[in-house]
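Trainee: Could you take a close look at one part of this model with me, and then show how it connects to the rest? I'd like the cut-offs as we go.

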Amino acid sequence: MSNETTLREAIVVTMRAMDARGLNRGTSGNVSVRWNDGMLITPSGVVPAALTPDQIVYVAPDGSTPSGSSRPSSEWQMHQGILAGRSDAQAVVHCHSRHATTLACAGKEIPPLHYMVAVAGGSSVPLAPYATFGSNTLAQGVIATLAGRRACLMANHGQIAIGPTLGMALAIADEVEEQAAVYCGALAMGGPILLDEAEMKNILAAFARYGQRKDD
Ligand SMILES: [Zn+2]
């Protein structure tokens with residue numbers, strides 16, 4: 001069973017893993033996990049190498065933080081809104097991985113060019129509308145775009161993934177970046193040949209069956 005200390009440590013490990021995998025640079029990117037009625041989230045402006053478990057911030061449902069704690073990530077409203085609205089999500093991973101961000105800056109979602117696109121929960125990885133970082137407008141746009149999905153791109157910004165564990169949210173963000181890179185490559189060669197909706201339905205059904213077996 002997870003306790004607060006292990007979750008704080010897992011957030012630090014996840015931030016460092018994003019850095020090591022090239023999914024993030026500098027102080028960008030943030031990670032949260034559901035805890036009690038609120039969440040634990042990365043602090044604002046700390047590079048992963050310098051991040052320690054005690055710097056992770058508890059944010060209560062009313063948005064308050066314990067006195068003396070670090071300032072939470074500027075995107076805390078986005079994390080809080082997702083965790084509040086999605087009982088299937090225990091963890092949220094947000095990053096500015098290069099290819100996902102490239103597509104997001106070009107106003108493109110990821111179409112069904114490969115069966116692994118389905119790890120994001122649908123036949124595409126949709127694109128949330130642009131709004132200023134840290135704003136409630138951005139949070140609401142991302143929450144709406146994530147409906148029924150496990151990841152989306154964020155216009156002119158980056159990408160975000162959710163999961164039942166931190167490890168799964170990170171794995172989905174990693175796969176979204178891979179599919180974004182493949183799509184960028186395919187676009188450079190005249191554009192991908194897409195899988196059709198019927199095949200994506202088969203794939204999504206197969207992923208659902210696989211998930212059930214894994215949970216058994
Ligand atoms: Zn960001």
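Mentor: Let's start at the end of helix α5, which is followed by Gly190, a residue with a positive phi near 100°. Helices here are DSSP runs of H or I with at least four residues, strands are E runs of at least two, and both are numbered from the N terminus. Bear in mind that this is a predicted model: local features need pLDDT of at least 70 and side-chain atom pairs count only at pLDDT 80 or more, while totals for chains, interfaces and linings use all residues. Residues are numbered from 1 along each chain as its sequence is written, and side-chain values use heavy atoms, leaving out hydrogens and water.

Now the helix itself. α5 covers residues 166-188, 23 residues in all, and it reaches 33 Å from first C-alpha to last, close to the expected 33 Å. That expectation is 1.5 Å times one less than the number of residues. Its buried residues include Leu166, Leu170, Ile172, Val176 and Tyr183, but also Glu175, Glu177 and Gln179. Buried means under 20% relative accessible area, exposed over 50%, and partly exposed in between, with a 1.4 Å probe and protein chains only. What do they pack against? The buried residues of α5 pack against α1 (4-20), β1 (30-35), β4, α3 (98-105), β6 and β7, where contact means heavy atoms within 4.5 Å.

Strands pair if DSSP finds at least two bridges between them. β4 and β7 run antiparallel, joined by 5 bridges, and Ala91 has Gly163 in β7 as its bridge partner.

The zinc ion has His94, His96 and His157 as protein donors, each through NE2, at 2.0 to 2.1 Å. Donors are N, O and S atoms within 2.8 Å of the metal (3.2 Å for Na, K and Ca), and water is not among the atoms, so the site may look incomplete. In sequence these donors are spaced H-x1-H-x60-H. His94 sits in strand β4 (residues 91-95) and His157 in the loop between β6 (151-154) and β7 (158-163), so this pair ties together parts 63 residues apart in sequence. His94 and His157 are both buried.
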